[in-house]
Amino acid sequence: MPLSPYRIKVVEPIPFLSPAERAAALGEAGYNPFNLRADQITIDLLSDSGTGATSAAQEAAAALGDESYAGARSWFRFLDEVADLTGYPHVLPVHQGRAGERILFSTMLRPGQICVSNTHFDTTHANVELAGAEARDLPCPEALDLDSHEPFKGNIDVDALAALLAGPEGGKVGLVLMTITNNGLGAQPVSMANLNAVHKLCRQHGVPFFLDAARFAENAWYVRDREPGYADWTPRAIARQAFDLADGCVISLKKDGLSSIGGCLGLRDDSLHARCEALLIATEGFSTYGGLAGHDLERLAVGLREVVDPAYLQARASATAHLARMINEAGVDIVQPAGMHALYLNAGRLLPHLSPAEFPGHSLGCQLFLDGGIRCAELGSLYLGTMDEQHRLVTAAPFELVRLAIPRRVYGQEHFEYVAETLAGIAKDPERITGYRIVSTPPMLRHFKVRLEPIRP
């Protein structure tokens, strides 16, 4: 494993609760890790969004933050960086990615239309539906084999997309959105060949093609590592080619912007930009800050340079791959090949004694907290299943997974060893883990605020 290309400069203490304290905390949280307090968590792998560590260069730049309401110096530094990276003539800042989704979808999509993706993630799916459209996923067939080491399982099914665009529903497709990397399908990357094929299909049928590029740098690294013809390219050049293929992008910069907040829209079309800008000003802030402080814009401008550093990307990929090997050696299977921003545990395979209606992914996530203070997120039937009015499972998710999201530049080797050791302890006696039932749930984005209780024997 290569040496990390940075050293630690500022630290914060990690909480260590007793088993009894963790059990009480989880019960008070309604057995939902999202409701736990940060000071109850030992290792927090709930999300890689806004949870990374900033660099000394970012903090130095933040001191230069210009908080002018309009036309701040910090805005122009941010604008120059995003425009150089993406090549889009119009850039709109937003406070985070889901704000950009809301602005883009409410501007581009009409009720009854279809937004097609390799996989919509949770807030993306919700924002499509809030615009009155249907979010339709067309993942490639290789993604259905969790054990396969196919290099680009994040791809869209090009044949299915071609059939949809040429078929009777083709006129209803308002947007094709490619997520790079594919967060909803095991953090798997998308190949440049796949993006080129989508570009050609969308041009042929006159359908707008956009990128959800929250992890554009990580996707570029995997293209360089796995796709023939790109080994000598820089990650920045690969990312630029991906942006060149699309009509625009929405980016949560809380991921590959290496910041705790921020996002942007990149657009080519003048008319679309004008409509999105009007909505931005009405709901987020003026078009030169979009809900962000000047010091945020400064951190992002530096972070967008640091994130495409090959040394950084190699170290991050190697660290996550090493954690994946330790987890496999502990007796727990993951979605293969290992992703960079997250690993996905196969909870259904580890806990075959629990039915999908007992939410094995959620059960494993809760046990990780109970045994080790580790917080993570379920991506199984609790998140993706359909329920009846009594909160009983009607249609199960295709897989019962748990996502271990890896914050950027935060945890070291000893932290990952602790996670693997905790999983090894669970794998020695998985049948002790109980299932859960829903007590109450919101009508949308259930997993964020649902409350549950254990099913007692």
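**Before you start.** You're looking at a predicted model, where local features need pLDDT of at least 70, side-chain atom pairs count only at pLDDT 80 or more, and totals for chains, interfaces and linings use all residues. Numbering runs from 1 along each chain as its sequence is written, and side-chain values use heavy atoms, with hydrogens and water left out.

**Stop one: the largest pocket.** Select A53, R408, R409, V410 and Y411, which lie nearest the centre of the largest pocket among its 48 lining residues. A pocket here is an open set of points on a 1 Å grid over the protein atoms alone, with protein on both sides within 12 Å along at least five of seven lines, and lining residues have an atom within 4 Å of a point. This one holds about 1600 Å³, a volume being the space filled by probe spheres set on the points, with grid points joined across faces, edges and corners.

Now colour α12 (310-329), one of the elements that supply at least two lining residues. The largest share of the lining, five residues, comes from α12. Helices are DSSP runs of H or I with at least four residues, strands are runs of E with at least two, and both are numbered from the N terminus. By class, the lining has 24 nonpolar, eleven polar and 13 charged residues. Nonpolar covers Ala, Val, Leu, Ile, Met, Phe, Trp, Tyr, Cys and Pro, charged covers Asp, Glu, Lys and Arg, and the others, Gly among them, are polar.

**Stop two: the second largest pocket.** This space comes to about 890 Å³. Select H125, D137, Y383, L384 and G385, the closest to its centre of the 35 lining residues. Then show α5, which gives the most to this lining, with four residues.

**Stop three: the largest cavity.** A cavity is a set of grid points where a 1.4 Å probe fits but cannot get out. The largest cavity has a volume of about 90 Å³, and its lining includes N32, P33, F34 and H447. Highlight α14, the top contributor with three residues.

**Last stop: the cysteines.** A disulfide is a pair of cysteine sulfur atoms within 2.5 Å, and the count here is zero. Select C202: its nearest cysteine sulfur, that of C115, is 11 Å away. C202 is buried, at 1% relative accessible area, where buried means under 20%, exposed over 50% and partly exposed in between, with a 1.4 Å probe and protein chains only.
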